[in-house]
Amino acid sequence: MSHSTDQAKTRCLALLPDAAEPPTPRPGQTLDDVLAFDPARRIWLKSGLGAAVLSLFGAPALAGNADRTNGGADVGGKAPDTGRPYTAGLDPAQDYTVRFESVPRSLADRVVVPPGYEVQVLFSSGDAVEAGSTSWTEGVFPSWDVAGRRAGGDHDGMHYFELPGVDPRRGGLLAINHEQVDMRVFFAEETFPGNAFDEKTATPEQKRVALSAVGVSIIEIEFDGGTWRIQRDSRYNRRYTGNTVYDVGGPARERVGATVTGTLNNCSSGATPWGTYLTCEEATFNYFDSSQPRHGYGWVVELDPQGRILRQGVKRTAMGRFNHENVAWLDDADRRVAFYMGDDSTPGCIYKFVPDRPYDAADRAANLGLLDEGTLYVARFEPSGQGKWLPLKQGLPGLTAAEGYATQADILVECQRAAVAAGGTVMDRPEWITVGPGKDIHVTLTNYNGRGGKVPVDDANPRPENHHGHIIRWTEAGHSPLATAFTWDIFLLAGDPRQAAAQGKPNLAGNIQGDSFSSPDGLRQDPAGRLWVQTDMNLGAVATPAVFGNNGMYCVDPATGQSKRFLVGPVGCELTGVAYTPDLTTFFVNIQHPTQAWPTAGRTPRSSTLAIRRTDGAPVGA
């Protein structure tokens, strides 16, 4: 391509919407590559000015390819052998404006979705996973080795991954976390009165059964004949459990050991740009078997869903030990990347980890040690919407040997204490974090009612009684993952105005426009920019189904804050996990710990993964 053509291309790119920070084309890029980070710019392409740009990039750049994120596959074809998580693949001719009919509050023991949608129960606690395994039978309780080849309990965070040679609209891998035990599936009721696991009375076998029920399931799924199904004989189907052995990487390996038996309390999760899965441990000790090493838990664990570059999971200690909720990433044109994490404790901080070097987009195996070397930061939310990222490095103020941190391993193992010592802002239970296509970042602060003087009221935590939680939004300086400063605001305060008025507590009213909710937890902004919020009410005296209905999933407009209730779950459940096919025609959502008889009337309730589609096959929500 000639130098004059490059100059003309750059001038036309400067005419794109929001041209104050225009994307910079790199050698070999198509127009799709330049615009992939912002689907809204594709609307501009329908104009005459947009069409003029096509002549410079070449018409096939748009006509032949769907939207891509960082080199993903064409949505209409087969996935390349990248192993990347699918996060984009939008049709430039499709309007993704939210138009579904909001569903009312519900107290029913069923899943409620808008008219024109269908729900399929795809995968439930106790279902067979690994080839040759058997599924759960009502009233029959498994040995630990049998349980360890079946689906665990409390389905939570998950991610949809492409497979080489497979159209990602019709097949791929689901990686699904199992946070806790569905007690009535794995144990007879008389084993533990009240269905509460008791380590003091549990036998070694019973401990192993409980540990078999947590961890991760990898399943291959296929859309065939109008329905999704699990490929039961797939070589990819695999369980990682609390009895599996994991390698340890990073600076804290010297204190933790070379290996750890078990992962547990696998709450939410994330993915890497090179296609591995990050399962997050929300507990810092093994409460099923306290004889296990205390520092072996509370880490981010990297797994390869394809099993090609990692046959064994690795605990990445450089990312810190705390009550991990999930991981979300932001990258730049130079393949530098930051991973954002929340500590779901009371109180807890918000972190990001920046590897020392760029990731390799072509060679997955070259990224295997990337999460072992880098800088861990904690967020400090300053007044007036300013923020700083404070490095957690041994020797800095508050993090010296005199304060008890002789090595970097000490900081990582005692990360919660070190973050506060360094000046991090303690928050109201930071849970899920999501990075949007426009590089804006949101985090849910679910609730926190037991301050007890631990967390002061401040700009970022404005409620003395935060029964309903809130969502904070921030933007990195220059949209850079390497930034050490950011700007932030409170995106919304959850709550119900009618309840607040009845109780005479205006602080509980919130400012949600549209359908109100309490206790935002699960969170994901999809490639079309829609923000999906899932709730986890603690069912106390304030946040109750009587006021809000059962826990549900809401679509919130990130520009206006307008909320629409998309789904209501069955009695007693929590909504967890959001994943989707690249064209957004199927959404996968988890129902965790239902309490009555869902999904099958008259039988034991089971946590389950749903596949949700429109009956006309159009994108969900549009």
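Q: Which residue of strand 19 stands opposite Thr-434?
A: In this predicted model, 4 bridges join strand 18 to strand 19 (residues 441–445), and these two strands run antiparallel. Strand 18 covers residues 430–435, and within this pairing the residue of strand 19 that stands opposite Thr-434 is His-442.

Q: What is the order of the strands in the open sheet of 9 strands?
A: The pairing in this open sheet is antiparallel. The edge strands, each of which pairs on one side only, are strand 13 (324–331) and strand 18, while neighbouring strands are turned by 30° against each other on average, with direction ignored. Read across the sheet, the order is 13-14-15-16-17-21-20-19-18.

Q: Over how many bridges do strand 20 and strand 21 pair?
A: Strand 21 (residues 485–493) pairs in the antiparallel sense with strand 17 (residues 386–391) over 3 bridges, and there Lys-388 stands opposite Ala-485. Strand 21 also pairs with strand 20 (residues 470–476), again in the antiparallel sense, and in that pairing Thr-475 stands opposite Thr-487. The number of bridges between strand 20 and strand 21 is 7.

Q: At about what angle does helix 11 run to strand 15?
A: Helix 11 (residues 415–422) lies across strand 14 (337–343), strand 15 (350–355), strand 16 (374–381) and strand 17. Taken against strand 15, helix 11 runs at about 95°.

Q: Is Pro-204 in helix 8 buried or exposed?
A: Helix 8 (residues 204–212) has the buried residues Lys-207, Val-209, Ala-210, Leu-211 and Ser-212, and these pack against helix 6 (144–147), helix 7 (183–186) and strand 6 (238–240). Because its relative accessible area is 55%, Pro-204 counts as exposed.

Q: Which residue has a side chain joined to that of Asp-127 by a polar contact of 3.2 Å?
A: Asp-127 lies in the loop between strand 1 (117–124) and helix 6, and it counts as buried because its relative accessibility is 13%. Not counting residues up to four places away in sequence, Asp-127 touches Leu-122, Ser-135, Arg-150, Ala-151 and Arg-606. Of these, the one whose side chain makes the polar contact of 3.2 Å is Arg-606.

Q: Near what value is phi of Asn-195?
A: Most residues other than glycine have a negative phi, and most peptide bonds are trans. Asn-195 lies in the loop between helix 7 and helix 8 and is partly exposed, with a relative accessible area of 24%. Its phi is positive although the residue is not glycine, and the value is near 55°.

Q: Which two residues does a cis peptide bond join?
A: The loop between strand 28 (586–592) and strand 29 (608–614) holds Pro-599. His-593 lies in this loop as well, and it has a positive phi of about 40° although it is not a glycine. The cis peptide bond, with omega of about 10°, joins Trp-598 and Pro-599.

Q: Over which residues does pLDDT stay under 50?
A: The mean pLDDT of the chain is 86, and 84% of its residues reach 70 or more. Where pLDDT is low, the predicted coordinates should not be read in detail. This caution applies to the stretch where pLDDT stays under 50, for which the model has 121 contacts beyond four places in sequence, namely residues 1–77.

Note on methods:
Residues numbered from 1 in each chain as written. Predicted model: local features only at pLDDT ≥ 70, side-chain atom pairs only at ≥ 80, totals over all residues. Heavy atoms only, no water. Pairing = 2+ DSSP bridges. pLDDT = per-residue confidence, 0-100. Contact = heavy atoms within 4.5 Å. Axes fitted to C-alpha atoms, helices over the stretch in contact; angles between N-to-C directions. Buried < 20%, exposed > 50% of the residue type's maximum accessible area, 1.4 Å probe, protein only. Polar contact = N/O pair within 3.5 Å; in protein donor to acceptor, adjacent residues only side chain to side chain.
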